[in-house]
Amino acid sequence: MTEMSYLDGNMLDGPLREVFAVDLSGATGRCASCGTTGPMAGLRVYTHAPGLVARCPSCAEVMLRLVRGPDRTWLDLRGTTYLQVPTPPG
Amino acid sequence: MSSPLAAPLTWRVARLVERRDETPTAQTLVLDVPGWPGHLPGQHVDVRLTAPDGYQAARSYSLAGPAEGERVALTVQRVPDGEVSPYLTDVWATGDPVEVRGPVGGWFVWRPAELAPVLLVAGGSGVVPLMAMVRARRAAGSRVPFRLIYSARTPADVIYADELRRRARDDHGLDVAYVYTRTAPKGWRGEPHRIGLADVNTHGWPAELEPLCYVCGPTGFVETVADLLVGLGHQPRRVRTERFGPTG
Ligand SMILES: Cc1cc2nc3c(=O)[nH]c(=O)nc-3n(C[C@H](O)[C@H](O)[C@H](O)COP(=O)(O)OP(=O)(O)OC[C@H]3O[C@@H](n4cnc5c(N)ncnc54)[C@H](O)[C@@H]3O)c2cc1C
Ligand SMILES: [Zn+2]
């Protein structure tokens, strides 16, 4: 794998929808490292790490890590200050 | 669909109902997915294979067009030595099950209610979700102007070649331009080359029109085109990308 081989955060929707009922690829996230705020679909996703690693497109720090075991899933979000998820009123 | 408060998604069992050759290395596979809820153009599914020893491999594949009831179409390019794609194109038989999760990916989508002009830039099999948008535009009777720039190795590698020729003639407001990287057809202007500024500038929309741009294909291709578009003055948030992986 070269350094170029990453995917877009849009592909996280499938794996994350096993855990959450919302489409997080449509959410906005803020990078804890550099403060950049943007669509989670715009993160750079590396699939050949153990699990999925999503990095900030601006500073390349890890914002999200998803590791799936046989009977549980770990979601590490310490690189994300917040997630803003669109929710319809009512 | 990708309505925010839907329930978590689970894997469903889909069966192959039909396959069609698109090029010597790409096939359209029609799947029957019981309970399919419908989808937006640009969305994809995750496909999971399980070996007899329990080993699993999952990959993403774009939905190639609007669903027909519970039938959805994927177009898969065979990657030599790949874990999943050669199974789908060469081994998977009519009636056989695979697991499918979807539709997923609520960001790389085009909604027919959007009125901005659209630029689609495809590299290789990256044309699949963009074709879904072209097909949905026609199905919705949309008059939004679309331009597609499609980069392929040779004319024989062009997926949906006949349909694109027909649509470029019949779908008013759809323009299609090709870039060939290895061999160009007779009468094509210029030499084979990798997509560059002149192609995007000539066949795209001026940034002042604030088009929505969708770029899809191998990771390096998407990187190049997204940089060119931003360099031409397009707002980064109006350039949506879908990277398929290493090469293409
Ligand atoms: C959101 C999304 C949508 C996608 N939609 C489609 C689609 O509509 N049609 C389609 O054909 N593919 C699509 N892909 C790519 C697909 O998911 C697989 O990556 C591809 O089929 C290769 O998988 P494989 O298991 O056969 O190869 P792997 O076993 O993953 O890889 C085998 C070898 O090929 C290289 N390789 C990996 N991916 C590619 C690639 N894309 N092209 C060339 N070489 C590669 C690897 O580095 C490795 O050396 C999509 C990817 C994403 C993320
Ligand atoms: Zn950052």
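User: How many salt bridges does the structure hold over all chains?

Analyst: A salt bridge is a side-chain nitrogen of Lys or Arg within 4 Å of a carboxyl oxygen of Asp or Glu. Over all chains, the structure holds 20 salt bridges. This is a predicted model, in which local features need pLDDT of at least 70, side-chain atom pairs count only at pLDDT 80 or more, and totals for chains, interfaces and linings use all residues. Residues are numbered from 1 along each chain as its sequence is written, chains are lettered from A and ligands numbered from 1 in the order in which they are written, and side-chain values use heavy atoms, with hydrogens and water left out.

User: Where do A:Glu18 and B:Arg101 lie?

Analyst: Helices (H or I, at least four residues) and strands (E, at least two) are DSSP runs, numbered from the N terminus. The side chains of A:Glu18 and B:Arg101 form a salt bridge at 2.1 Å, N to O. This pair crosses between chains: A:Glu18 is in the loop between α1 (13-16) and β2 (28-31) of chain A, and B:Arg101 is in strand β6 (residues 97-104) of chain B.

User: Is A:Glu18 buried or partly exposed?

Analyst: Buried means under 20% relative accessible area, exposed over 50%, and partly exposed in between (1.4 Å probe, protein chains only). A:Glu18 counts as partly exposed at 28% relative accessibility, while B:Arg101 is buried at 4%.

User: Which parts of chain B does the salt bridge between B:Arg48 and B:Glu99 link?

Analyst: The side chains of B:Arg48 and B:Glu99 meet at 3.1 Å, N to O. The pair links distant parts of the chain, with B:Arg48 in strand β3 (residues 44-50) and B:Glu99 in strand β6, 51 residues apart. B:Arg48 counts as buried, at 14% relative accessibility.

User: What does the pair B:Asp175 and B:Arg147 tie together?

Analyst: Their side chains form a salt bridge at 3.7 Å, N to O. B:Asp175 lies in strand β9 (residues 174-180) of chain B and B:Arg147 in strand β8 (residues 146-152) of chain B, so the pair ties together parts that are 28 residues apart in sequence. Both residues are partly exposed: B:Asp175 has a relative accessible area of 43%, and B:Arg147 has 22%. Elsewhere, salt bridges that share partners join B:Arg135, B:Arg138, B:Glu163, B:Arg167 and B:Asp171 into one network.

User: Which peptide bond is cis, and which residues other than glycine have a positive phi?

Analyst: Most residues other than glycine have a negative phi, and most peptide bonds are trans. Here the peptide bond from B:Gly102 to B:Pro103 is cis, with omega near 5°, and B:Pro103 is found in strand β6 of chain B. A:Ala60 has a positive phi, near 70°. A:Ala60 sits in the loop between β5 (52-55) and β6 (62-68) of chain A and is partly exposed, with a relative accessible area of 42%. B:Asp81 also has a positive phi, near 65°. B:Asp81 is found in the loop between β5 (71-77) and α1 (85-91) of chain B and is exposed at 81%.

User: Which residues come nearest to ligand 1?

Analyst: A residue is near a molecule or strand if one of its heavy atoms lies within 4 Å of it. Of the 23 residues around ligand 1, B:Ser60, B:Tyr61, B:Gln77, B:Val84 and B:Ser85 come nearest. The surrounding residues come from chains A and B, so the site is shared between chains. Domain bounds come from an automatic or database domain assignment. Domain 1 (11-104) and domain 2 (118-244) of chain B both give residues to the shell, so ligand 1 lies between them.

User: Which elements supply the shell around ligand 1, and how do its residues divide?

Analyst: In chain B, β4 (56-62), β5, α1 and β11 (239-243) each supply at least two residues. The largest share, four residues, comes from β4(B). Ala, Val, Leu, Ile, Met, Phe, Trp, Tyr, Cys and Pro count as nonpolar, Asp, Glu, Lys and Arg as charged, and the others, Gly among them, as polar. The shell divides into nine nonpolar, 10 polar and four charged residues.

User: Which polar atoms lie 2.8 Å from an oxygen atom of ligand 1?

Analyst: A polar contact is a pair of N or O atoms within 3.5 Å; within protein, one must be able to donate a hydrogen and the other to accept it, and residues adjacent in sequence count only if both atoms are side-chain atoms. A polar backbone atom of B:Gln77 is 2.8 Å from an oxygen atom of ligand 1, and a backbone N or O atom of B:Glu83 also lies 2.8 Å from an oxygen atom of the ligand. For B:Ser85, a polar side-chain atom is 2.6 Å from a ligand oxygen.
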